[in-house]
Amino acid sequence: MEISGKKVTLLSFHYVAVYFINDREGGNIMNTDELYDEIIAAGLAEVKRIAARIVQSSELAEQNFGELEFLLRRLMLDLAAKMLKPVLERLNGGYKGNTIRCRCGRTARFKGRREAWLDTIMGPLRLEKAYYYCSGCGRGFSPLEEMMRLEAGRTVALRRLISLAGVEDAFERGARLLEEMAGIKVSDNTVERVAEQAGQEVMAREEREDDSLLGEVWPKEPEAPSKAEESAQRMYVTVDGTTAPMRGYWREFKVGAIYPEAGEQKRYYASLDRGSDFMLEMRRQAIRKGLGGVKEVIALADGQPWIWKEFEINFPMAVQVLDFWHLMEHVWALARTLWGEDSRQAKRWAESVRGQLKDKGGGAVLKRIKRLKRRRKKKTEREEIDSLIKYLTDNLSRVDYPGYIERGYDIGSGPVEAACKTVIGRRLKGSGMRWTEVGAEKIARLRAIRLSGLWDNFWGFTVNAA
Ligand SMILES: [Zn+2]
């Protein structure tokens, strides 16, 4: 902090005092005795007010205890807010001297102090912000915003709760949940805006990883691999697609799940991005999940050609495995065409093919189906047979199921199908939901973080830690 003696005299005595104390204590909250007394004083005044309110409402104890409980929660939050005020005042509005460095690298000048609202999980609080202006880039700001990670006056704790409501449920239901569960009153639009802003931040951080794939991305503690992940010999990378309703049309989300063998926490990723961008991000996330240390990588997916092409580029070391259940869906479709829905022959045939796939592999099944074609003359039947022949031929190097089973691989992409449902389906396909692509993308990215167990990492702190 740099303040010349002359400039200091221009400031009120209050701020001069704070300045000197701040300086002595290295900028931290100081003089704890004084602070303690102030908090007590603020709290006592509020406690008296609350006591009067409780006396006033005491008949509720008999008539409607539930209402009294909620009233008390409100009052306790007010009390906490009042007691916090002296602490906030010590932040001195974010004042850092007469001039500070702007983000653009030039110098910003102190322009004075302004009253501002701080929105917290305890309710709104009035506070003073020190404002600076940079004539170089025309930006006006208060260092307090960065210090406290404020966005539109909302604290990070409040944004975390609002985003939670928006990422777990429809915005309007989320707003109602927040009000009842946390005593926080915000509009549906605010839930949408704040949650999407958090999603935007997820995207920005994922993008910043460009510079260094293993760099520290999350604010405080970079994710450390768990014991199980560290000792894992194998990693599965699986990709699938699922559609979600936009305004007037549907679009396919690409969904990925990454999980080391025996890894309890899967990493999910979902995006509307092009396949190449999607898979590049999958690779970055796999690297963060320990890709460099595993002996085997197994790429599991359905037959979509773009997926294999991108696997080849981003996971060239991976053993590619065609998802067994996608293949069986094709087999079932053919069985029903040849022998009729629900027929016993269809069932018997499909089951025999399933056994053969596991015992002899896809090559043997391909031969069997080619033989079958010779006996079938109907056009629809031949077309359905050709479609399966093509599917198997295109994926012939990915259907060695006996070999995969012998090595103990998972051959079904169950986890990524579950991910399609949990990351996208449950949140983006609710009744009446219509998304903009931009909004859907942000919520999907935020939801992937949430479901990947990275929520604390993203916000930079743990709730109820102390
Ligand atoms: Zn600037």
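Me: What is the bridge partner of Ile298 in β9?
Reply: Val319 is the partner of Ile298. Both names come from a predicted model, in which local features need pLDDT of at least 70, side-chain atom pairs count only at pLDDT 80 or more, and totals for chains, interfaces and linings use all residues. Residues are numbered from 1 along each chain as its sequence is written.

Me: What makes β8 and β9 a pair?
Reply: Two strands pair if DSSP finds at least two bridges between them. Strand β8 (residues 296-301) and β9 have 4 bridges, in the parallel sense. Therefore they count as paired.

Me: Which strands are the edges of the open sheet?
Reply: The sheet has 5 strands in the order β7-β6-β5-β8-β9, with mixed pairing. β7 and β9 are the edge strands, since each pairs on one side only. The twist averages 20° from one strand to the next. Such angles run from 0 to 180 degrees between N-to-C directions, with axes fitted to C-alpha atoms, for helices over the stretch in contact.

Me: How many bridges join β5 to β6?
Reply: Strand β5 (residues 234-245) and β6 run antiparallel, with 11 bridges. Pro245 stands opposite Trp250 in β6. The two strands form a hairpin with 4 residues between them, and Gly248 in the turn has a positive phi of about 95°. On to β7 (residues 267-271): β6 pairs with it over 5 bridges, again in the antiparallel sense. There, Ala257 has Tyr268 as its bridge partner.

Me: Which strands does α19 touch?
Reply: α19 packs on the sheet and touches β5, β6 and β7. Its direction makes about 180° with that of β7. A contact here means C-beta atoms, placed from the backbone, within 7 Å.

Me: Why is Val331 called buried?
Reply: A residue is buried with 20 or more other C-beta atoms within 10 Å of its own, exposed with 12 or fewer, and partly exposed in between; the C-beta atoms are placed from the backbone. Val331 has 22, so it counts as buried. Val331 sits in helix α13 (residues 324-339). Beyond four places in sequence, it touches Ala350 and Val353.

Me: What makes a set of residues a nonpolar core?
Reply: Its members are buried Ala, Val, Leu, Ile, Met, Phe, Trp, Tyr and Cys residues, joined through C-beta atoms within 7 Å. The largest has 78 residues; Ile162 and Val237 are among those with the most contacts inside it. Helix α19 (residues 437-451) gives the most to this core, with 7 residues. A second, separate core has 7 residues, including Tyr95 and Ala130.

Me: How do you know where confidence is lowest and highest?
Reply: pLDDT is the predictor's confidence in each residue, from 0 to 100. Helix α1 (residues 5-10) has the lowest mean, 38; helix α7 (residues 156-168) has the highest, 97. The average over the protein is 87. Residues 1-27 stay under 50. Residues 210-222 are also below 50.

Me: Why be careful where pLDDT is low?
Reply: Because predicted coordinates there should not be read in detail.

Technical notes
Two residues are in contact if their C-beta atoms, placed from the backbone, lie within 7 Å.
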